[in-house]
Amino acid sequence: MINFSFDGKTYQAEKGDTLAAALLRNGIGLVGRSFKYHRPRGIMTAGVEEPNALVTIGDGGRTEPNTRATDVFVYEGLVAKSQNRWPNLSFDIGAVFGLAAPALSAGFYYKTFFGSAKRWMFYEYFIRKAAGLGNAPTKTDPDHFSQRAAFCDVLVVGAGPAGLSAALEAAEAGKRVILVEQDNILGASLIRDGQDLDGAWVDATQARIRAAGGRILTRTTASGYWEHDLVTLTQRIAEPGQTPPHGVAQRLWHVRAGQVILATGSIERPMAFAHNDRPGVMLSQAVRTYVRRFGVVPGKRVVIATNNDDAYKTAYALKAAGAEIVAVLDARPAPAGADSGLPVYNNAVPLSTKGARHCLKSVTARVYGLTQSWDADLIAVSGGFTPVVHLHMQAGGTLDWNDAAQAFVPASSRQNVTTIGGAANPEPVFNVVPVSKPKKSFIDFQNDVTLSDVDLAWAEGYRSVEHLKRYTTLGMATDQGKLSNMAALGRLAEKQGVAIPEAGLTTFRPPYTPVTMGLLAGAGAKDAGAHVRRLALYDVHAAKNPIWQPLGYWFRPRAYPVGSETLAQAAMREAKAVRSNVGMTDVSTLAKFEVTGPDAAAFLEIICATTVGKLAVGRGRYTFMLREDGFVFDDGTVWRLDENRYLLTSSTGGADRMATHISYVRQYLCPHLRVSAVNVQEHYAGIAVAGPQAKAALAALIGEEPPRHMSTVPAMIAGVPVIVLAASYSGERAFEIYVEASHAGLVWAACEAEVSAQGGALYGLEAMEFLRIEKGHLVVGGEVDGRMTPHDLALDKMLNKAGGYVGASGLSRPAFSEAGRLQLVGLEAIEGNIPEGAMLVTGEGASPQGHVSAAAFRIMDGGSVALGQLTDGFARHGEELIASSPTRGQMARVRVVAPHFYDTAGERYRD
Amino acid sequence: MMQFTCPHCGPRDQAEFIYERTVDAVVSLDAAPEEAMKSLFTRNNPRGVDEEIWRHTYGCRAWMVIARNRVTNEISATRAVGPEALP
Amino acid sequence: MSQYSAFGLLRGALNGQKHWQPAWRDPEPKSHYDIIIIGGGGHGLATAYYLAKVHGLKNIAVLEKGWIGGGNTGRNTTIVRSNYRLKPLHDLFEFGLKMWEHLSDELNYNVMFSPRGAMFLGHSDADMTKLAERGDAMRCDGIDADLMTRDEVRKLEPLLDMSRSARFPIEGGLIQRRGGTARHDAVAWGYARGADSLGVDIIQKCEVTGFVRDGDAVVGVETTRGRINAGRVGICVAGHSGHVAGLAGLKLPVESQTLQAMVTEGVKPMINSVIMSQSLHCYISQSDKGGIVFGGDPDNWPSYAQSGNPMVMERAVAQGLALVPALSRLRMVRTWSGVTDMSFDGAPIIGETPMKNLFLNGGWCYGGFKATPASGWTYAHTLATGKAHALNAPFALDRFERGATIDETGSGPMPNSR
Ligand SMILES: Cc1cc2nc3c(=O)[nH]c(=O)nc-3n(C[C@H](O)[C@H](O)[C@H](O)COP(=O)(O)OP(=O)(O)OC[C@H]3O[C@@H](n4cnc5c(N)ncnc54)[C@H](O)[C@@H]3O)c2cc1C
Ligand SMILES: [Zn+2]
């Protein structure tokens with residue numbers, strides 16, 4: 001015995017019970033409420049197609065709303081709650097919607113609730129509250145979801161007789177086989193109907209498949225069939241709400257299969273008649289499953305309604321279990337065969353049922369045109385069989401119409417997939433046209449769509465299947481139309497006076513059954529799938545407890561506050577150290593490319609828009625790159641380390657783009673060049689040392705005269721070989737030291753010792769930003785925003801006159817030289833502090849003429865300064881404007897100036 | 001998710017590759033400006049087969065041209081490009 | 001046309017809702033129309049509606065190869081907002097947003113426009129500055145935008161992960177309170193019903209397979225239902241822009257890519273606004289039925305297959321769960337995808353083509369639903385007068401060769417790098 005609870009009451013289940021079986025075992029008929037009218041609903045099926053018996057399982061972060069009672073196996077302590085009812089399941093206020101049903105026809109909400117958008121939001125508030133079934137958890141999910149890739153020759157989906165045989169044959173032929181089954185045991189239809197077979201056959205087959213190396217996964221659903229025979233499997237390791245044994249609740253498989261065999265069987269169809277939705281109306285095969293698999297008999301006096309032979313098996317099973325069959329309503333005109341010993345009525349279809357909230361009381365049918373009623377507590381219905389063609393269609397397959405079975409069956413596919421068994425050959429049935437009142441004849445049970453809703457949609461012109469679905473919401477419930485699609489198509493065909501295949505077809509998209517979001521996210525749920533890269537010097541920084549700042553894939557120190565310093569205070573102190581003494585910072589994340597070979601210079605003159613060829617060995621220069629459309633792409637420096645060896649740097653944020661671009665140009669556009677361009681971004685760590693004392697510090701570190709500004713030398717620091725580049729971003733005499741990342745710690749320590757000996761400081765990104773703004777240096781993502789031309793940024797004088805670089809062709813486009821372009825300017829505050837990102841306007845209420853791309857303060861003298869983009873800005877120096885940020889309630893009066901606020905002549909670089 | 005056959009590595013998951021552009025959108029370095037902008041800003045976009053440039057970015061990093069049907073995703077040819085593929 | 005009202009529904013309650021007329025007719029195509037619009041999506045139908053309503057034109061047809069609204073109009077995540085950084089974009093979308101506010105009344109069809117707020121989250125100070133910049137640009141042009149503090153964000157969406165240790169910690173947001181969502185199908189149907197009542201012929205299952213040309217002028221179209229002559233022809237086929245323009249011998253600055261979306265099983269209200277992010281590529285909202293609607297990046301490679309891709313989907317879900325961990329145990333119930341025509345600056349194209357009498361409305365990428373009313377209004381103006389409306393003048397097709405691209409993200413001509 002296993003204890004579980006439903007709506008707070010404890011019950012007992014047998015081992016192997018689904019929750020549905022356990023509820024029926026305990027005589028519980030009413031399990032849920034429908035979506036729109038809150039109608040009382042029970043258990044209708046025994047499988048994943050269940051539309052009615054949805055419950056919330058578990059609590060805390062493991063809460064799973066909308067769980068089908070037919071698709072969860074009871075475990076000790078399982079907690080289930082009914083949904084979409086208030087105050088309780090039996091007495092649900094929401095049921096008043098049912099009373100209003102005549103006015104709430106399909107699509108009623110399109111025809112009312114007019115007025116302003118605010119008014120709709122008022123109505124909507126109540127509609128949203130009434131909709132939505134279960135409650136989502138609010139606690140964090142305590143479990144993990146794992147993901148796994150696999151390959152096989154043959155993937156078999158469905159472990160019924162067809163699937164088991166196919167898997168066995170393939171496995172014993174030496175193929176790598178994976179067999180998946182959504183149930184927790186194998187056998188599928190054999191579990192229900194396997195009496196005639198040797199019961200051990202399933203076990204034996206399973207053992208043989210395993211012995212031949214096949215892998216069998218139970219509780220595993222093939223939920224998506226994607227391109228090139230990739231199938232995603234969702235495997236339940238723990239049941240909903242259950243604490244998983246090793247912390248992993250579910251596993252997602254990506255299986256690339258050589259061949260896929262679908263043995264997915266079929267789903268029994270309900271019939272459309274009035275009040276066909278109440279507890280006590282079940283599908284025939286489901287009833288048989290409860291009787292034979294679980295030993296639960298869901299009714300004592302049973303009516304069977306069928307259009308096929310299969311339902312007779314249900315009648316026998318029930319009879320054998322002691323139930324009374326009061327009538328078999330067979331829609332077919334004449335007896336099927338020999339006397340069954342059952343009270344069979346031919347030409348008989350159900351018309352309606354009567355009952356109470358919890359149960360069925362009687363069934364009325366039309367028999368040979370006459371109406372007749374029976375007292376009954378269960379009606380087992382079989383309206384035929386719908387092959388499970390979902391995966392076949394997801395694979396891009398087409399369907400054929402099988403008239404005998406009144407069903408679509410798989411035809412061809414562009415992928416390597418075949419369908420076998422019941423999914424390919426459904427049983428023949430007799431076509432029944434619904435005769436009872438359409439208004440209460442439900443076809444989509446969860447969403448409360450009736451035949452009359454279909455009729456209304458038709459009358460209003462929503463005649464394609466897709467319009468019908470969308471207008472009525474048919475097929476949009478959690479069962480995605482598994483029970484309803486064929487009924488709707490049938491009604492549509494009837495209205496149109498055509499055969500079903502001419503009426504249309506709905507497509508199936510993944511997933512076959514709903515998939516837990518956490519499973520799709522896997523480990524990515526923790527970090528959004530964006531792994532953080534660790535700086536080579538991470539430990540060194542971390543020990544100093546800096547303020548970190550995300551930049552690209554990295555977190556970099558933004559400032560190193562001392563004592564109770566704020567970010568701004570720390571950054572200003574650090575910047576001052578650079579201006580007045582010396583500072584050092586980690587610049588490791590800069591993009592770096594090593595370009596070597598006889599054609600290296602020629603290649604660089606394609607990548608860079610500036611000249612490179614004339615650079616002497618040991619010299620470097622500023623450079624920038626264009627996109628093919630002529631806009632500035634990125635900027636950096638290029639250094640000639642050797643005759644045929646160059647180092648190119650560019651921005652951190654653009655590193656991946658630049659790497660792809662360089663590779664594309666080299667590999668695709670210039671395969672003939674004798675050059676190699678290697679991305680060495682993380683091969684080298686970089687340390688910048690800047691300030692008036694930087695030269696002295698460097699001299700002490702490398703033991704020789706440091707290189708002149710824009711020169712480079714190889715050197716040794718702390719016994720480690722380094723490349724020293726004399727380059728300045730800060731506006732001071734400065735050096736960048738590049739060292740193999742694995743030895744960066746040694747070099748950093750030596751530099752830090754020297755810098756502190758000089759009385760200098762470490763500086764972070766914030767101080768770097770102050771320094772470069774004051775100096776008027778550009779930043780990619782700031783001034784270089786992908787919309788500026790070289791001219792807009794005043795870089796055009798540096799363009800390589802010879803052309804030939806990427807983007808040169810884009811520069812001659814007319815709009816590049818028209819008036820009204822945004823151009824780079826400097827801004828100086830006349831009053832107030834300039835807010836970064838603020839708009840540049842001529843006055844209150846005027847439309848912006850530009851914006852502030854970066855704002856800072858003069859480091860030694862104080863005063864707010866900024867860089868910006870301004871319409872025709874080059875010609876507007878001296879003009880006064882307002883930098884306005886209405887979202888922050890800030891503004892400043894500014895004067896347009898040249899974008900350099902510090903050492904315009906570049907004196908400080910010189911020794 | 002498709003499966004591509006890298007000329008250097010064999011069959012690999014599409015997740016390892018990054019799409020660059022179609023062959024008709026290659027802007028050759030010596031194209032006249034007008035022709036260059038035409039290549040850059042227009043596409044054939046066939047509802048059928050087109051030649052696409054892909055890179056095995058998370059594998060060998062080589063570039064290749066893949067002829068693929070945009071409706072069925074059938075791949076009819078893959079060829080290596082780059083210095084190694086020069087005649 | 002029967003007027004829609006609560007009274008009508010009550011009357012229907014007594015007569016079994018038998019008095020309703022078809023929302024639109026199902027006419028046979030005529031041999032000639034003054035204006036033919038190719039594509040019965042929201043944009044095509046809105047264009048037809050405004051041509052009839054505003055420009056008084058009567059002889060108009062919308063030709064749809066399948067069923068109206070079956071393209072991206074019926075597949076999108078329905079986010080409506082005008083919070084763009086660049087002026088031509090926010091001006092166009094704001095014009096549309098103002099129309100959304102009265103669209104249900106205008107069409108006598110409840111399009112369920114629900115301005116619950118469209119919020120972009122910022123995950124760093126740099127993000128917040130970018131958001132402020134965008135908000136400031138909008139505010140200076142008279143469009144609502146408000147920066148939100150962490151606490152304001154938390155109050156609006158209590159289920160967001162507000163921990164400082166998150167990979168993308170939430171520092172604040174930028175909200176456009178007038179933004180929100182609408183019911184996509186209703187937009188197509190409402191415009192169709194409105195246009196039909198003004199005499200527009202909406203012809204479904206009618207695919208345009210070619211153009212009839214006289215020199216460099218288009219004078220009609222070939223369709224699966226025969227040849228139809230036209231004074232002017234307007235292409236309005238979203239993901240099929242490249243293909244249809246190709247039938248006229250034109251090559252466009254667009255590439256067709258697949259964009260997927262998905263929805264979870266319905267749950268009681270848990271997400272109150274539309275959540276987007278400055279650094280992550282996912283957007284989350286909750287539909288009136290309770291499903292969490294989820295979208296991510298386009299596939300980034302060309303496709304007409306309209307089949308999804310688990311890799312892209314899983315990435316979007318991972319990002320969404322990083323923002324809203326409580327989504328973990330919900331279940332994705334349906335995925336779908338649409339073919340979007342990704343333009344080479346991310347902005348739409350509305351205007352003339354090099355061919356006489358042939359006009360183009362396309363390049364909406366993954367963001368054209370919100371523009372439906374504005375797109376229809378400006379395209380109708382262009383088709384009726386032969387000239388651009390001030391709002392769509394910047395979106396001319398020749399802007400690419402001229403170098404006047406409207407590049408909101410500044411990422412250049414390759415749609416896959418956007
Ligand atoms: C998954 C997804 C999510 C999206 N999310 C949003 C969002 O949140 N917000 C937003 O603003 N936008 C969003 N979009 C974009 C938006 O959906 C589109 O930009 C917009 O709906 C386009 O409308 P349309 O009328 O131009 O195109 P469509 O609705 O696609 O209509 C074009 C019509 O043309 C027809 N057609 C094509 N070829 C022919 C032919 N030869 N002859 C006749 N007819 C033809 C098609 O069948 C189709 O019905 C999203 C798109 C997708 C795919
Ligand atoms: Zn490879």
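A salt bridge here is a side-chain nitrogen of Lys or Arg within 4 Å of a carboxyl oxygen of Asp or Glu. With that in hand, I looked up one pair: Asp141(A) and Arg329(C) form such a bridge through their side chains, at 2.7 Å from N to O.

A note on the ground rules. I am reading a predicted model, where local features need pLDDT of at least 70 and side-chain atom pairs count only at pLDDT 80 or more, while totals for chains, interfaces and linings use all residues. Residues are numbered from 1 along each chain as its sequence is written, chains are lettered from A and ligands numbered from 1 in the order in which they are written, and side-chain values use heavy atoms, leaving out hydrogens and water.

I found 10 salt bridges between chain C and chain A.

Which element gives the largest share of the side of chain C that touches chain A? I find H5(C), with 10 residues; helices (H or I, at least four residues) and strands (E, at least two) are DSSP runs, numbered from the N terminus.

Then I checked the extent. Contact (heavy atoms within 4.5 Å) takes in 106 residues of chain C and 115 residues of chain A. The two chains bury about 9,100 Å², 57% of it on carbon and sulfur atoms; this is accessible area (1.4 Å probe) lost on being put together, summed over both.

Last, the strands. E29 of chain A (residues 515-516) pairs with E16(C) in the antiparallel sense over two bridges, and pairing needs at least two bridges found by DSSP. I see Thr516(A) opposite Arg331(C) of E16(C).
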